[in-house]
Each structure stands twice: as C-alpha cells, then as structure tokens.
Amino acid sequence: MDYEKKALQIRQDVVRMLYRAQSGHPGSSLSCVEIVEALYYNVLRNIDPDNPKRPDRDRFVMSKGHGCPTQYAILADLGFFPREDLEDFRQVGSHLQGHPDCNKTPGIDCNVGSLGQGASVSAGMALAAKHAGADYKVYCLIGDGESQEGIVWEAAMSAAHYKLDNLIFLLDHNGLQIDGANDKVMSLGDICAKFEAFGWETVTIDGHDIQAVTNACLAPSSGKPRMINCLTVKGKGVSFMENNFGWHGKVMSEADYSAAAKELGI
Amino acid sequence: MKMGKSMRVAYGEALRDLGAVNDKIVVLDADLAGATQTCIFRDAYPDRFYDFGIAEANMMCEAAGFAHSGYIPFASTFAIFGAGRAFEMVRNAICYPKLNVKLALSHSGVCVGEDGGSHQSVEDISLMRSVPNMTVIVPCDEIEMRKAVFAAVDVDGPVYLRVARTASEIVTEENTPFVPGKAITLKEGSDVALFACGLMVPRALQAAKLLEEEGISAAVVNFHTIKPIDEEAILAWNSRVKAIVTAEEHSIIGGLGSAVAEVLAGNPGARFGRIGINDVFGISGKPEDLFRYFGLTAENIADKAKALYSH
C-alpha cells in the first residue's frame with residue numbers, strides 16, 4: 001500500500017468535508033491522519049465493514065472526537081459506508097455527526113466528543129475484555145489539550161491498577177489547543193513522566209511516521225498500559241494551517257479552500 | 001405497617017440474587033461498597049466486582065465500557081456523586097449512546113441524616129429525569145426494591161434506581177406486579193389522591209388515614225417510576241378527585257411533583273399541590289428529625305390535601 005498516497009487522499013477528503021460543512025476542526029483532524037491511518041491499515045485486527053460490531057475486533061476510540069473527519073474518511077475508504085455520505089457531514093439527517101455516534105455510524109465503537117470521556121470508556125472496554133478473557137485490544141486517541149481533563153488521569157490510574165496491558169493510548173501531541181499553545185493555556189509538563197508515574201509505559205515517536213506508529217502499537221507488551229506520545233504538527237499538510245492554533249476549529253473561506261485544495265491536489 | 005430492612009441492604013441482597021441468575025451482571029463501586037451495600041454482591045462474586053476508588057466520573061465511563069462490551073453493569077455510589085458530580089459522564093457516555101448501564105445510587109435525599117447538606121442529594125431525580133433515554137425508578141420498600149433491581153435489567157437502556165439509606169415500612173406485596181412506568185394504586189379513595197414515591201409512600205398512607213378520620217376519602221398511588229411518568233394514571237385521577245398532592249423526599253423542583261405538574265398542565269380538573277424540599281439544601285440531623293424539619297411528614301401531606309380539598 002502507498003501510505004503517503006493514502007494519507008493525501010484522507011487529507012483531501014477531510015478538507016472537502018470541512019469546507020462543505022462550513023464548520024468542524026481542520027487543525028485537529030489533519031494532525032492525526034497518519035496515526036489513524038496506521039491504526040486502520042496496519043494495526044487493528046478483525047475490522048470488518050460487513051460486521052462492524054464483530055466481537056473479536058480491536059476497538060478504536062477517538063477520544064479527541066473533534067478529529068472525526070479523519071476517521072470518517074478512512075471508514076468510508078474501507079467500505080463501512082458509501083463515500084458520498086462524507087458530503088453530508090454535520091448536516092441534518094446525516095449519520096456523520098459533528099462528534100462520533102456509535103448508534104448512527106457503522107464502525108464507530110463509542111460516542112465521544114466530551115473530552116476525556118473516551119479515554120475512560122476505553123479503559124472500561126479494556127477491563128471488560130480482561131473480564132471476558134477476550135484478547136482484543138483497545139486503542140484510544142487522546143489530544144494534548146484533552147489531557148488537561150482530570151478524568152484522563154482517573155482512567156490512567158485505574159488502567160495501571162487493573163494492569164490493562166491491552167490498552168494503548170496514542171497522544172496526538174501537536175502542542176496547540178483552541179486558545180493557544182498548551183504551555184500558555186495549561187502546561188502539560190513532562191507528560192510521559194506523568195504517565196510513567198501513573199504506572200504506564202511510554203514511548204515517543206514521530207506521529208507522522210506510519211511505520212513508527214505501527215511499530216509502537218505492535219511492540220510486545222511489558223504488562224503495563226502503554227502511552228504512545230506521537231509528536232505531530234497541527235494542521236499538517238496545509239501550509240497555512242500548520243502549527244497555527246487559529247485553525248483548530250476555524251471555518252474555511254472560499255479563498256482558504258482554494259489554497260488548501262491547490263496544495264493537496266484536489 | 002411493619003418496618004423493613006434498610007433500602008440499601010435490600011438493594012445489595014437483590015443484586016446478589018440477580019448475579020446468581022444473570023452472568024452478564026458486573027458491579028462497580030467507588031470506595032463505598034460498605035455504604036451502598038454492593039459489598040453483599042462483592043462477597044458473593046468477587047471476580048465480578050470492580051472498585052474504582054474515589055473517582056466517580058471514571059467509574060461511570062468505565063461502566064459504559066463494560067456495557068459497550070455486552071455486560072450489564074450496576075454502578076453504585078452516593079446519589080450526590082453519581083447523579084451530581086458525574087452528571088455529564090452519565091449523560092454523554094451512558095445515556096447518549098443508550099447503554100445498558102444501571103445506576104443504583106444510594107444515600108439520596110435527607111435520609112442521609114447527620115452527614116448534612118453536602119451529602120444529601122435533593123436534585124438527583126431532577127437531573128436524571130432530564131436526560132433522554134433515562135428511566136428513573138424510586139422504590140418505596142424492600143419488596144419493591146428487589147423487583148426494581150430485576151426489572152431494571154429488562155429495560156433496554158440506562159436506568160436510575162434511587163436507593164434510600166434508611167429502612168422503609170413495608171407497604172407493597174410480593175405478588176403485586178411491578179412494571180416500570182405503571183403507577184400502583186395502594187389505596188382507593190374518592191375525594192383526594194396522594195401521589196408518592198420512595199420513603200414518602202408509607203407517609204402518604206398514614207396521611208390517608210388522617211384524612212379519613214376527618215371524613216375525606218384519600219387514594220394513595222405509588223409512583224415508583226418518575227420517568228416515564230404514568231400519564232394515564234395521572235389524568236384518570238385528575239378527573240376523579242377534587243385534589244391531588246404529590247409527596248417526595250426531593251426538591252419540589254424537577255422531581256415527582258414537577259413530572260405530575262407537566263402532565264396536569266392544560267388539563268383542567270383537580271387542584272394540585274406538592275410536598276417536597278422547598279428549594280433549599282439539607283442540614284445535619286437524625287433522618288426522622290429532618291423529615292419533620294423539611295415538612296415531609298404524614299401530617300404535612302394531610303394538611304396540604306385538606307387545604308386544597310376544602311378550598
């Protein structure tokens with residue numbers, strides 16, 4: 001598979017969806033493209049568009065639910081629903097909600113959007129897997145701003161307590177949130193050290209390197225929950241959105257869209 | 001009337017017996033297993049019990065994780081923390097996806113007693129009732145608690161069971177059918193109707209006796225389910241009696257009284273009054289003293305009904 005070509009196609013879909021919807025979160029969606037791509041095309045087992053709720057599937061919870069255009073583009077590409085559905089993203093009657101809804105969209109494992117809750121629900125899913133003696137894993141994408149939510153740390157504490165080595169958090173660490181840099185709004189400090197202090201293993205990688213994301217996910221478990229610190233660029237792929245917190249949730253004008261479309265070859 | 005066991009013990013015992021017949025049941029608590037009495041289940045099925053420590057928000061979301069995986073979790077803590085502190089987790093992680101999580105939250109209302117206002121939830125019915133997909137059940141005695149625990153499992157979606165800390169007099173019978181959403185007439189009457197839930201049901205029955213002594217015939221209806229509210233029963237009584245009084249150990253804002261008022265609005269008929277906690281926080285004291293302090297006695301109910309009837 002040509003991963004770069006696939007990433008470009010996802011970015012094209014994301015930008016088209018967001019322009020058409022005249023709402024949504026470009027910066028946050030573009031920063032996690034390679035992470036989510038690596039998960040769906042390399043990591044997640046038993047993902048089946050014909051049986052989205054297949055019991056033995058690995059779960060993926062996009063706790064930073066505002067990045068969902070990226071997940072929707074991939075689910076459409078995999079055949080969970082028709083590609084045309086992407087055109088109605090965020091519109092009345094569409095199954096593609098502004099933040100994912102597991103009862104509306106095939107392939108969505110969990111309602112997310114209220115930050116921090118997906119992290120906690122995914123810990124519950126991992127604990128339920130242990131309880132059932134099932135061998136599926138639970139992958140959860142969290143944001144750096146999201147990590148300011150206390151429930152992320154409640155979930156982290158419980159995951160270590162219950163030795164959830166089937167739980168993997170991927171941190172989309174682009175350093176920016178709505179009001180500015182993490183360090184200006186509310187410093188995360190050494191977030192790997194924080195997770196390690198909570199009893200997790202951590203690894204830091206380039207979040208735009210598909211092979212690195214894949215390897216970090218599939219590395220043998222040491223018996224602890226794992227946090228993969230994915231260093232990313234917010235707005236990656238569209239030059240004027242890159243590293244610009246203003247594009248967290250900004251609406252594209254016609255001129256913005258034309259410029260982005262040109263860069264992405266739409 | 002015979003005094004039963006404490007409502008939370010009745011809950012714990014029912015949960016244990018449910019666990020024996022349904023292997024999908026798991027129980028979650030937040031460091032209050034001894035108080036909520038989930039310890040009874042824990043001691044019987046230690047490998048189906050999970051403690052989340054003093055972190056109620058996380059417990060609610062992890063309960064959602066269990067439900068997403070096909071289990072039927074019962075999550076317990078105090079009502080103030082489960083319905084209050086973790087409200088938005090209950091709303092977004094549990095109710096929004098309509099998951100099969102059963103919240104059995106104890107120490108509701110002023111029967112908490114000495115711990116005082118910080119721990120006395122007088123808003124939980126209001127909070128839980130306002131969330132789409134949620135069913136709200138307030139059992140009135142140990143027999144009904146047992147039925148409610150089993151019935152909650154048959155409800156497709158989230159259920160809030162309000163569990164009192166204290167004992168309640170036994171006012172229902174084993175063989176009375178319990179159907180969520182269907183109010184039960186405990187006593188017939190033709191002049192006034194007293195609608196009550198939870199610990200106020202025996203008080204409403206006592207109030208009916210007081211009213212009968214004064215020549216007023218009072219019906220008593222057990223509204224064990226606040227949502228969905230039994231509209232049919234409310235409208236039927238509205239056209240049959242001269243006055244309706246609701247009685248609940250909860251704020252008069254948003255609970256049983258409000259639910260009944262919403263049905264009555266626009267339907268001329270009986271005069272209507274509410275007995276409940278009058279938009280104030282609780283205080284420390286012995287439970288029975290607090291029922292008197294907040295005007296939640298049989299006499300208070302009877303006086304309100306009499307005033308409306310005689311108006």
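Predicted model: local features only at pLDDT ≥ 70, side-chain atom pairs only at ≥ 80, totals over all residues.
1. Two residues are taken to be in contact if their C-beta atoms, placed from the backbone, lie within 7 Å.

2. Of its 16 residues, 13 are buried, so helix 5 of chain A is largely enclosed by the rest of the structure.

3. Now chain A as a whole. I see 10 helices and seven strands. A compact globule of 266 residues would have a radius of gyration near 18 Å, and chain A has 17 Å, which agrees. The C-alpha trace of chain A spans about 50 × 45 × 35 Å along its principal axes. Of the 266 residues, 52% count as buried. Looking at contacts in chain A with a separation of 6 or more, 74% are between residues 24 or more positions apart.

4. Over to chain B, where the domain assignment gives domain 1 (3-169) and domain 2 (184-310). Their centres, taken over C-alpha atoms, are separated by 25 Å. The contact between them takes 27 residues from domain 1 of chain B and 28 residues from domain 2 of chain B. On the domain 1 side, the elements giving two or more residues are helix 7 (124-129), strand 6 (135-137), helix 8 (142-154) and strand 8 (167-169) of chain B. That side of domain 1 divides into 12 nonpolar, nine polar and six charged residues.

5. Next, the inside. In soluble globular proteins, nonpolar side chains tend to be buried together. Here the largest nonpolar core has 195 residues, and M60(B), V192(B), L194(B), A204(B), V221(B) and A305(B) are those with the most contacts inside it. Both domains of chain B take part, as the core draws at least three residues from each of domain 1 (3-169) and domain 2 (184-310). What does A204(B) touch, leaving out residues up to four places away in sequence? The list is L194(B), A196(B), V220(B), A247(B) and I301(B).

6. I301(B) turns up again in helix 13 of chain B, whose buried residues are A298(B), I301(B), A302(B), K304(B), A305(B), K306(B) and Y309(B). These buried residues pack against strand 10 (192-196), helix 9 (200-213), strand 11 (218-222), strand 13 (243-251) and strand 14 (271-277) of chain B. The length of helix 13 (residues 298-310) checks out too: at 1.5 Å a residue its 13 residues should span 18 Å, and its end C-alpha atoms are 18 Å apart, which agrees.

7. Last, a loop residue. V280(B) sits in the loop between strand 14 and helix 12 (287-293) of chain B. Why does V280(B) count as exposed? V280(B) has 10 C-beta neighbours inside 10 Å, and the cut-off for exposed is 12 or fewer. V280(B) lies 25 Å from A265(B), C-alpha to C-alpha, with the two 15 residues apart in sequence.

How values were computed
Residues numbered from 1 in each chain as written. Chains lettered and ligands numbered in written order. Core = buried A, V, L, I, M, F, W, Y, C linked by C-beta atoms within 7 Å. Buried ≥ 20, exposed ≤ 12 C-beta atoms within 10 Å, placed from the backbone. Domains from an automatic or database assignment. Helix = DSSP H or I, 4+ residues; strand = E, 2+ residues; numbered from the N terminus. Expected span 1.5 Å × (residues − 1). Nonpolar A, V, L, I, M, F, W, Y, C, P; charged D, E, K, R; others polar. Rg over C-alpha atoms; globule rule 2.2 N^0.38 Å.
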